Amino acid sequence: AVPALPLRIADQMVPAGGVLAISGPSGAGKSTLLGQITGLIPPAPEQDITLAGRPISDWPEPELRAGLVLVPQRVALIAGSLRENLALASPAASDDDMREVLRAMRLDQLRGGLDLRLGDAGAGLSGGEMRRVALARALLRKPQILLLDEPTEGLDEATARHVIDEIIQRSQGSALVFASHRASDLMRAALHIRLD
């Protein structure tokens, strides 16, 4: 079975539809905390992270991977078509599903659409476009827990606001946790953890 919600981090409870922002200066441990939630980094003793009341470390790795998606700051794309990159997340997704999520991430203007060929590591796209492809891929997965590290970095303010709004809207059934420096991102979250 896939892990059930809620996700609890110390005294913050993130239910389905909950949005938690992690803020703090560079080097404060935002990315580390996201890694601890994924189970990739052992949590600090005071960090007490549980899923459905069970410590993250008690969940078998395949179950965690099935229910949880992390979009890191450095996103990984493969050489191949845009369609192939998106299908990695959701092999059953239709072209319409893919176009819909690309539109949500403001990528529907890319030349070649789903047939656009990317070079190694996503060559051919800007950094902001690569990030949004990775976000589109994560949204297609519809995970129970969506973890985003600086999701709007490198985007202009208007695109950033649009992207974070779409992510929140499309994550209604998920627990959404993101680390960000951007004030407009942080304002969208009802729950907050500030690291110093």
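Trainee: Which residues lie nearest the centre of the largest pocket?

Mentor: Val 69, Leu 70, Val 71, Ala 134 and Arg 137. They are among the 13 residues that line the largest pocket. The model is predicted, so local features need pLDDT of at least 70, side-chain atom pairs need 80 or more, and totals for chains, interfaces and linings use all residues. Numbering runs from 1 along each chain as its sequence is written, and side-chain values use heavy atoms, without hydrogens and water.

Trainee: What makes a residue part of the lining?

Mentor: An atom within 4 Å of a pocket point. A pocket is an open set of points on a 1 Å grid over the protein atoms alone, where a 1.4 Å probe fits, with protein on both sides within 12 Å along at least five of seven lines.

Trainee: Which element gives the most to this lining?

Mentor: Helix α5, with 4 residues. Both β6 (68–71) and α5 (127–141) supply at least two residues each. Helices (H or I, at least four residues) and strands (E, at least two) are DSSP runs, numbered from the N terminus.

Trainee: Why is Leu 51 called buried?

Mentor: Its relative accessibility is 0%. Buried means under 20% (1.4 Å probe, protein chains only). Therefore Leu 51 counts as buried. Leu 51 belongs to strand β4, residues 49–51. Its C-alpha atom is 9.0 Å from that of Ile 9, 42 residues apart along the chain.

Trainee: How do you know that the charged end of Arg 54 sits over the ring of Trp 59?

Mentor: The charged end of Arg 54 is 4.0 Å from the ring centre. The rule asks for CZ of Arg, or NZ of Lys, within 6 Å of the centre and within 35 degrees of the ring normal. So Arg 54 counts as sitting over the ring of Trp 59.

Definitions and conventions. Buried < 20%, exposed > 50% of the residue type's maximum accessible area, 1.4 Å probe, protein only.
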